[in-house]
Amino acid sequence: MTSPARVVTGLVTAVLVAACAPPPQQQSRAAEGTAVTGEITVYAAASLQPTFTDLGERFERDHPGTTVTFNFAGSSSLVTQLTQGAPADVFASANAENMTKAVDSGVVSGAPADFAANTLTIVTAPGNPEGIQQFSDLADPDLQVVVCAPQVPCGAATETIERSAAVTLKPVSEESSVTDVLGKVVSGQADAGLVYVTDAADAGDEVTEVPFPQAAAAVNVYPIAVLRNATNPVVAQAFVDLVTGPQGREVLASAGFAAP
Amino acid sequence: MSRPRRRHRPVQVGLPRWVYVPATLGALFVIIPLLAILVSIDWPNFVPLITSESSLAALLLSIRTATASTVICIVLGVPMALAMSRGGFPGRPVLRALVLLPLVLPPVVGGIALLYTFGRQGLIGQYLEVLGLRIAFSTTAVIVAQAFVSLPFLVVSLEGALRSAGSGYEQVAATLGARPTTVLRTVTMPLVLPGLVSGAVLAFARSLGEFGATLTFAGSLQGVTRTLPLEIYLQRETDADAAVALSLLLIVVATAIVIATASRRLAGPL
């Protein structure tokens with residue numbers, strides 16, 4: 001599955017690089033002009049898909065003549081693509097670490113701005129049939145608990161919470177993305193899982209959420225930044241302003257994101 | 001498929017030269033990405049990377065599960081290929097198309113289908129659950145996923161061999177009074193053994209590389225369900241060097257299988 005997908009991504013990237021590399025005159029015009037028109041590509045963490053899609057539509061409405069294209073994927077995959085030269089204007093990461101990686105590899109222009117925060121929560125089958133009340137209940141060996149692998153941001157947050165709560169989980173699976181954790185709970189394979197508050201909100205009544213106080217030990221902060229190779233830095237900055245501004249705050253808050 | 005080449009051909013028909021241009025491009029298209037992996041390997045750390053606890057656990061699990069699923073493919077696939085090529089029952093073309101579907105199905109879709117069959121609330125899984133058998137998140141789930149996607153490879157390969165072998169020798173054996181089981185054992189199977197071997201190798205290789213259905217259906221836990229492709233996918237998140245090193249390991253294992261079967265086929269009777 002991965003290899004053909006990667007080949008296609010590679011080919012598409014190659015075509016995009018060829019197509020998007022602007023002639024020199026055009027670039028200088030973008031830099032001196034103030035009109036917000038043109039096309040931008042936003043690389044955003046998978047957990048931002050619903051909110052950013054909404055914000056992108058608002059942006060296109062508020063600024064006629066602009067087009068916002070998104071690439072939603074795991075933050076670390078996005079950083080890999082960006083450092084390999086993928087053409088993009090804006091990067092929004094689901095944690096500080098991946099933004100730091102992007103900054104260190106020199107693809108970011110200026111300083112990133114934090115725009116949202118997310119915490120973990122317990123999700124169970126609708127109605128919570130196993131009666132899970134608190135975080136330590138998840139250590140019950142009879143429960144099928146699914147979490148993220150420590151290598152991905154939500155798994156790192158899970159480990160932090162385990163340490164601070166002094167509870168050791170025995171998960172039946174460590175998934176490589178938070179959506180896979182949610183999927184295992186929604187499909188009834190797992191009794192409980194640890195996902196972000198926003199994922200639980202997005203799943204609606206397909207799951208029951210059990211909030212727990214120790215979640216505060218691991219807060220993921222989402223930073224956003226304009227990229228150095230942005231083909232359209234003016235529009236890119238305008239989009240970042242929308243996300244970090246009051247309108248962005250409102251949309252993000254309604255999806256369950258906390259203020260950074 | 002290989003056919004006996006005993007007759008002498010008086011005229012050698014050469015290929016038009018232009019054929020070699022796209023053929024070379026095609027070969028490069030396959031070879032260059034493999035070379036790219038070799039080039040990007042972090043050689044000084046290669047051995048520590050592939051001998052880490054998680055890497056070894058993934059490799060051993062992959063070999064164990066791929067072997068088990070290949071055995072299942074042989075046990076179920078050989079009779080299937082026989083029935084589809086020689087059997088007389090109505091609706092064979094339809095059944096054939098259905099059985100070969102996993103060949104063209106995206107593995108993720110296969111995983112979802114398995115989930116709704118053998119999952120805890122699945123069509124069959126809910127009854128297994130009552131019996132206390134739980135497939136979800138177990139090594140069994142990995143083997144089931146691999147067998148599901150690999151079975152058509154063995155069936156297609158063996159069915160092709162059965163068709164091209166024809167049934168002349170079997171008819172002779174039958175007229176000499178051999179019973180169907182005897183004909184199958186002493187005539188048919190030895191005749192199509194190379195086809196069976198290459199089918200089994202294809203099934204093993206496909207099982208070894210299985211990713212999508214395993215991820216969707218079995219989950220991912222070191223030593224239990226996290227096979228080599230899943231380990232590579234996970235390592236890529238944090239340690240690109242480890243992912244590349246493991247990729248090479250998988251390429252080496254796959255190459256070893258191809259070479260082993262190629263030499264066996266050359267040494268074989270056909």
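**Close-up views of a two-chain predicted model**

View 1. Chain B has a mean pLDDT of 87, and 93% of its residues reach 70 or more; pLDDT is the predictor's confidence in each residue, from 0 to 100. This is a predicted model, in which local features need pLDDT of at least 70 and side-chain atom pairs count only at pLDDT 80 or more, while totals for chains, interfaces and linings use all residues. Residues are numbered from 1 along each chain as its sequence is written, and chains are lettered from A and ligands numbered from 1 in the order in which they are written. For the complex, the predictor gives an ipTM of 0.74 and a pTM of 0.78.

**View 2. The build of chain B.** Here you'll find 13 helices and zero strands; helices (H or I, at least four residues) and strands (E, at least two) are DSSP runs, numbered from the N terminus. The C-alpha trace of chain B spans about 65 × 60 × 30 Å along its principal axes. Of the 270 residues of chain B, 37% count as buried; that takes 20 or more other C-beta atoms within 10 Å of a residue's own, with exposed meaning 12 or fewer, partly exposed in between, and C-beta atoms placed from the backbone.

**View 3. Where chain A meets chain B.** The contact takes 17 residues from chain A and 19 residues from chain B; two residues are in contact if their C-beta atoms, placed from the backbone, lie within 7 Å. On the chain A side, strand β6 (residues 173-175) of chain A gives the most, with three residues. That side of chain A divides into five nonpolar, nine polar and three charged residues. Ala, Val, Leu, Ile, Met, Phe, Trp, Tyr, Cys and Pro count as nonpolar, Asp, Glu, Lys and Arg as charged, and the others, Gly among them, as polar.

**View 4. Two domains inside chain A.** Chain A is divided into domain 1 (2-117 + 221-254) and domain 2 (118-219), with bounds from an automatic or database domain assignment. Eleven residues of domain 1 of chain A are in contact with eleven residues of domain 2 of chain A. On the domain 1 side, β4 (108-124) and β9 (219-227) of chain A each supply at least two residues. The residues on that side of domain 1 are seven nonpolar, four polar and no charged.
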